[in-house]
Amino acid sequence: MNPQRTESPRSGVQRPQATRLIEILESMKAAHAQVLTGVRARREAIRRADFATLAALEKSDAQNAITLAELERVRATEAGQLAVRLALTPKATLADISERLGEPDRARLDLVRSDLRSILEETQRETGVVRQATERLSAHMAGIMQTVNSALAHAKVYSRQGVVALGPNVVSSLDIKS
């Protein structure tokens, strides 16, 4: 007897649209990994108060933002088209799309979604740390500026904000010819 296997019509069938979406998500994962590397470099630059490195990182951040915006636009378009082909609404989530895909594509999509989510969560955590470090460095620099201003201020009076008020510069000279 030859038993017949009943397979879902989806299993084993790969869709080129799903492959394209997975490639886009892989590119997004790589771009977010670059962002995470930049966040970690920013953290180290703040720790060392290396302002030249911070300026350089600002330029790479701008390029990463442009790349991610373009990838997100392409991802939204591709996901919407695939969702419609799978009889879903164009705004369907990646999880909804994954449920309708055949097994090879479903497994690949779920894996890249999981990896991308992990990188995004790690980036969010690291960004929070960098934000706190930046706020602390800023407060420290403000304190230094206040100390310097108070040392140089001639009036030594406090303003309503509780800081030493800077008056007009006192210009004094000594005439040694007469």
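Analyst: Let's start with two residues on one helix: Arg48 and Glu44 both sit in helix H1, four residues apart, which is about one turn of the helix. Here is a handy rule to keep in mind. An α-helix has 3.6 residues a turn, so residues three or four places apart point the same way. Arg48 and Glu44 form a salt bridge, and their closest N and O atoms are 3.6 Å apart. Keep in mind that this is a predicted model.

How accessible are the two partners? Arg48 counts as partly exposed because its relative accessibility is 44%, and Glu44 is also partly exposed, at 30%.

Helix H1 covers residues 16-48 and has 33 residues. From its first C-alpha to its last it reaches 48 Å, close to the 48 Å expected at 1.5 Å a residue.

What happens just after H1? There, Ala49 takes a positive phi of about 55 degrees. Arg48 has a further partner in Asp50: these two form a salt bridge whose closest N and O atoms are 2.9 Å apart. Asp50 counts as partly exposed, since its relative accessibility is 22% and the buried class is kept for values under 20%.

Let's go back along H1 to Arg42. This residue forms a salt bridge with Asp61, with the closest N and O atoms 2.0 Å apart. Asp61 lies in helix H2 (residues 51-85) and Arg42 in helix H1, so the pair ties together parts that are 19 residues apart in sequence. Are the two partners buried or exposed? Arg42 is buried, because its relative accessible area is 18%, while Asp61 counts as partly exposed at 30% relative accessibility.

Salt bridges can also link up into a network. Here, Arg40, Arg43, Glu122, Arg125 and Glu126 are joined in this way. The structure as a whole holds 15 salt bridges.

To finish, look at a nonpolar spot. Phe51, Met141, Ile144 and Val148 form a nonpolar patch on the surface, with about 340 Å² of accessible area together. Which helix gives the largest share of the patch? That is helix H4 (residues 103-152), with three residues. Ile144 lies in H4, and it counts as partly exposed because its relative accessibility is 36%.

Methods. Residues numbered from 1 in each chain as written. Predicted model: local features only at pLDDT ≥ 70, side-chain atom pairs only at ≥ 80, totals over all residues. Heavy atoms only, no water. Expected span 1.5 Å × (residues − 1). Patch = residues over 30% accessible without salt bridge, like charges linked within 9 Å, V, L, I, M, F, W, Y side chains within 5 Å. Areas by Shrake-Rupley, 256 points an atom, 1.4 Å probe, with all protein chains shown as cover. Salt bridge = Lys/Arg side-chain N within 4 Å of Asp/Glu carboxyl O. Buried < 20%, exposed > 50% of the residue type's maximum accessible area, 1.4 Å probe, protein only.
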